Amino acid sequence: MQPRNMSMSGVVDLAAVKAAGEAKSKAEQARAEAARQGGVPAVAPSALVIDVDEASFERDVLTRSSEVPVVIDFWAEWCEPCKQLGPLLERLAVEYNGRFLLAKIDVDANQMLMQQFGIQGIPAVFAVVAGQALPLFQGAAPEAQIRETLDQLVQVAEERFGLTGIEVDPNAAAAPAADAQAPAGPYDALLEAAVRALDSGDLAGAVQAYRNVLSDDPGHPEAKLGLAQAELLQRVQSLDPQQVRKDAAEKPADVAAQIVAADLDLVGGHVEDAFGRLVETVRRTFGDDRDAARVRLLELFEVIGGDDPRVTAARTALARVLF
């Protein structure tokens, strides 16, 4: 695979849009809260490279991106260029001494994240700065190009968002694995079974494992989110995206076509498009058709999470068309 430079123009452009100001404000609030609690402790050099999965993405990438730019390396064991790029990025993460954090994501084990980022080929490298996802480059790029991109990322993160990185203590011991001594919870085995099923591509098995948890605890947040995501992946796994797009464009009054297209929108990371499509379908339909579109929209809200501002906006829009 030839390297494809995705450039840093998206980072620079953020300075001109409202999202940048909001992201900077959130980052400043997060740093202020950390300061009130005694500041962010220094980390060992080994902590600058972390493995991330779907369960830890919000904590280890989105939340940490308010302290330090997080560079994401999407890779897989079978990918030969990944074996060249990965060690280079790990070495640079240590060399840059806390100016960025490297998060490694195995795409085979985390297909939802791969789809949400719209990954078409690996290795693919993104950054998250104050919650904003930015494409960097694709392929095993030359070290000089990677350094130039990282330098620009670090500069923009500091100038636009005030992110100066995290303190590194070369004498600090690596933190123990999270929850290494934590007692197993009542549903840990079932949740682990669901994750294993997802990792192996057994979506039906994952769906059943999450349902087993919810049968005892209908409000279990992790199981609800996992079930919504697994069911979505199960619905779209055999779709022909081109045919789905064609049907939705040619049959705007076909509720089933719009619902399937909304699923595909969401998996592709086009969250507002998915929500907007279904809100519009609810607006112009009645009876069972309207209810089918409304129910699917509520299911997609579960995939994203009720605290997401896009969900809040779509709920408001839905209320307007319903009432």
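I take buried to mean under 20% relative accessible area. The model I am reading is predicted.

**Entry 1: strand β5**

I began with β5, residues 124-129, and asked how many of its residues are buried. Six of the six are, so I put the strand down as largely enclosed by the rest of the structure. In a regular strand the side chains alternate between the two faces of the sheet.

Strand β3, residues 70-75, pairs with β5 in the antiparallel sense, and I noted five bridges. In that pairing, Val70 has Val128 of β5 as its bridge partner. Strand β6, residues 132-138, also pairs with β5 in the antiparallel sense, over six bridges. There I found Val129 opposite Gln132 of β6.

**Entry 2: either end of β5**

Which peptide bond is cis? I found the one from Ile122 to Pro123, with omega near 0°. Pro123 sits in the loop between α5 and β5.

At the other end, the hairpin of β5 and β6 has two residues between the strands. Ala130 is in this loop. Its phi is positive, about 50°, although Ala130 is not a glycine. Is Ala130 buried or exposed? Its relative accessible area is 11%, so I list Ala130 as buried.

I noted the general rule for comparison: most residues other than glycine have a negative phi, and most peptide bonds are trans.

I also checked Asn97, which has a positive phi of about 55° and is not a glycine either. Asn97 is in the loop between α4 (80-95) and β4 (101-106). Its relative accessibility is 45%, so Asn97 goes down as partly exposed.

**Entry 3: the disulfide**

I found one disulfide in the structure. Which cysteines form the disulfide? They are Cys79 and Cys82, with their sulfur atoms 2.4 Å apart. A disulfide is a covalent bond between the sulfur atoms of two cysteines. For the link of Cys79 and Cys82 I recorded 85° about the S-S bond, which is right-handed. Both Cys79 and Cys82 are buried.

**Entry 4: helix α9**

I compared the length of α9, residues 221-236, with what its residue count predicts. At 1.5 Å a residue, its 16 residues should span 22 Å. The end C-alpha atoms are 23 Å apart, so the two values agree.

Which residues of α9 are buried? I listed Ala223, Gly226, Leu227, Ala228, Gln229, Ala230, Leu232, Leu233 and Val236. I then looked up what covers them: the elements include α5 (111-116), α7 (188-199), α8 (203-216), α11 (255-267) and α13 (287-304).

Gln258 lies in helix α11. Its relative accessibility is 4%, so I count Gln258 as buried. Leaving out residues up to four places away in sequence, I found Gln258 touching Ala248, Lys251, Pro252, Arg277, Leu278, Thr281 and Arg284.

Asp273 is in helix α12, residues 271-283. At 48% relative accessibility, Asp273 counts as partly exposed. I also looked up its separation from Ala261, twelve residues away along the chain: the C-alpha atoms are 9.6 Å apart.

**Entry 5: confidence**

Last, I went through the pLDDT values. The protein chain averages 81, and 81% of the residues score at least 70.

How values were computed. Residues are numbered from 1 along each chain as its sequence is written. This is a predicted model: local features need pLDDT of at least 70, side-chain atom pairs count only at pLDDT 80 or more; totals for chains, interfaces and linings use all residues. Side-chain values use heavy atoms; hydrogens and water are left out. Helices (H or I, at least four residues) and strands (E, at least two) are DSSP runs, numbered from the N terminus. The expected span of a helix is 1.5 Å times one less than its number of residues. Buried means under 20% relative accessible area, exposed over 50%, partly exposed in between (1.4 Å probe, protein chains only). Contact means heavy atoms within 4.5 Å. Two strands pair if DSSP finds at least two bridges between them. pLDDT is the predictor's confidence in each residue, from 0 to 100. A disulfide is a pair of cysteine sulfur atoms within 2.5 Å.
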